Amino acid sequence: MTENELWFYGLPFGPAHSGSGNFRVQLWVDGEKIVKARSDPGYLHRGFEKLMEYRMVWQDAVLADRICVLEPLNWNLAFAEAVDELMGWEIPERAKYIRVILSEFTRIQSHLIWFAGASIATGFQTGFMLSIGYRDYILENIFEPVTGARVYPTGYIRPGGVRWDVPKDFREKCEFTLKKVEEGVNDLERLLFSNSVFKRRTQGVGVLSKEDAVRLGATGPIIRASGLETDVRRDDPYEIYDELEFEIPVRDEGDAYSRFWIGKEEIYQSIKIIRQALDRMPEGPHTLRPVAFIKLKKGEAYSRVEAARGEAGIYIVSTGDYKPYRVKIRGPSLLHLIPVLEHLLIGSEVADVPVIYWSLNTCPADMDR
Amino acid sequence: MVETEKKVMARKLGRLVRAVWIFNWFNSCGCTELLPVVSSRYDMERFGLIIVDNPKHADCLIITGYQTIKSIKRVVRIYNQMPDPKVVMALGSCPITGGMYWDSYNTIKRLSDYIPVHMYVPGCPPRPEAVFQAVGLLVEHVRKLKEEVSRK
Amino acid sequence: MSWEEIISEYKPVKQRPRRIWVNVPKEEVYDVIRKLREAGFEHLSAISVTDWLNEGVFEVTYHLWSYSIKTLLTVKTKIPRDDPVIKSVVPIYGMSAWIHERELHEMFGVVFEGNPDLSPLFLEDWDGPPPFRKDFNWRDYVREKFYSKERERDKAYWEVWLK
């Protein structure tokens, strides 16, 4: 490849591109075929791991939701889990239920953004409008009354519980939103997933085999679309997921269409989880007694959370100070956007690049951190 | 400003009043709040705001949050490519002071050190209504400038 | 060989169900990880480095997950800080290890022997030391680079500054 590189036309994809924000893939093409791809991350690198070392735990909890803007509450949850485990805290039952409900709502709205991206990538504006429109029900009816802000909850899920209790009409609001989301996903199923144009653009594109998925470190919906039944919520349960009943959708094809399909089925499962959690949610305190300054215990902990785009992990090391000694953030997109994307792009056509890119459900912010 | 320059500027900006074409540099956090603005919930197209994919067509560049050392170079390049009556709007707290990344080694601290900024919209991220208000203020400002010049 | 036998001689610590921590000497870590991969730990969740400045060591941490055993096994090893070289696990885990090692090489300056490509990942035009090391003071660097002494709006940063 080295001396022949000049023979191929170099085509940058991003960073200013409607398909990929804040991320660039350098492609070398031979006619319409891609012969080499190289990811170029770093447009959003803020150095979270080091920022967290300089701040105290409550400040880190607020910082944690900025890791990925598309699913802030899941990252909040991952950080809170890590600190809970380090401190050995058993948090109240009600807090666990609230955490699970909000985490599932975050998954739904993140998947809706995913479908919006899928629609853009296939030139289907209606799907974009529908998905983002239905996503707004969640922002307006759930996130804003509960956490106080539409996007960033500013550390609502915090170590030891949640910041405050949910409002009185939470249940009604949840049910109203779930009904709307169900309508929306049914619409999308009719308009997007059984649309023959969408099917032809995505079926058989970007096929990832099961062995490659394991070898390249894919997680979440990507590996489930390649035929491996795994889910952190089931295999490594946190909060109350071991008491809830839900299914893990799996497909064997491993192409772009099956990845989108997994996302759609996951929304139905999330709705099921939220309904169960709402029925069983107990009364009681929503948090442990809050302390102004947490002195972390000496030790280390690794927490894993099933975020919308895969496995989110936070590894925290403490020397018994107010600030963590080291925080390592494991973002699912780091693996999806660099090894998996580079692998999938080789041999595919230029016109399929946006579809493959969006089918990986990526968030460059949690790749760069 | 010299009187003739002002006239030229107003004439140029006057074109902007009809429709604001926004360049798609939805870089960071603000993009999640611009998605409802673009799409059906808030629908900015009824106010004449359109997203374009080419900087040569754009009137307005929206910087939607923190910029890293790497991405600010691309921002400057995009800004230089835009044709002349152009407006830069910065969303979020991060372009104003660095926001919560004030001690991060890889993000810029104030956007106006790199490119001229016409309007800062605070918030983390700003609500869609704030974006509309900002565009409204912008259009109003241009209209006033135009009237002022035509009266003289 | 089952995975329990492989790690039994290194005194594994069970923190809670599904979390096991084990310390392995630097020379043996590659073989242990290779055996663990064969025993079913096929998912490399993350690689991390902790900079223990006072002891003068880097602690390299491998978080391994098994889809069949459903356990997170963390293998830790220590390498000297002034000669941070360790054998790469790319031959075992493939490209998923490559990207973690490439990031750590940029952030900590740890050299992974056998890694095909350790080019810079996130930083462009970076000329300082590896930024995540503990002896690199971030806040002083930021103050020097971004906040000017003369500018009115930055004066407060020079008067009050947090360590």
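Hi everyone, let's start where two chains meet: across the interface of chain C and chain B, the rule finds 5 residue pairs in polar contact, both residues at pLDDT 80 or more. A polar contact here is a pair of N or O atoms within 3.5 Å; within protein, one must be able to donate a hydrogen and the other to accept it, and residues adjacent in sequence count only if both atoms are side-chain atoms.

Keep in mind that this is a predicted model, where local features need pLDDT of at least 70, side-chain atom pairs count only at pLDDT 80 or more, and totals for chains, interfaces and linings use all residues. Residues are numbered from 1 along each chain as its sequence is written, chains are lettered from A and ligands numbered from 1 in the order in which they are written, and side-chain values use heavy atoms, with hydrogens and water left out.

How many salt bridges does the rule find across this interface? There are 5 between chain C and chain B, counting a side-chain nitrogen of Lys or Arg within 4 Å of a carboxyl oxygen of Asp or Glu. Take Arg139(C) and Asp103(B): their closest N and O atoms are 2.7 Å apart.

Together, chain C and chain B bury about 1,500 Å², with 56% of it on carbon and sulfur atoms. That is the accessible area (1.4 Å probe) that two parts lose on being put together, summed over both. Glu124(C), Phe146(C) and Arg153(C) supply 37% of the area chain C buries against chain B, more than any other three residues.

Finally, 21 residues of chain C are in contact (heavy atoms within 4.5 Å) with 16 residues of chain B.
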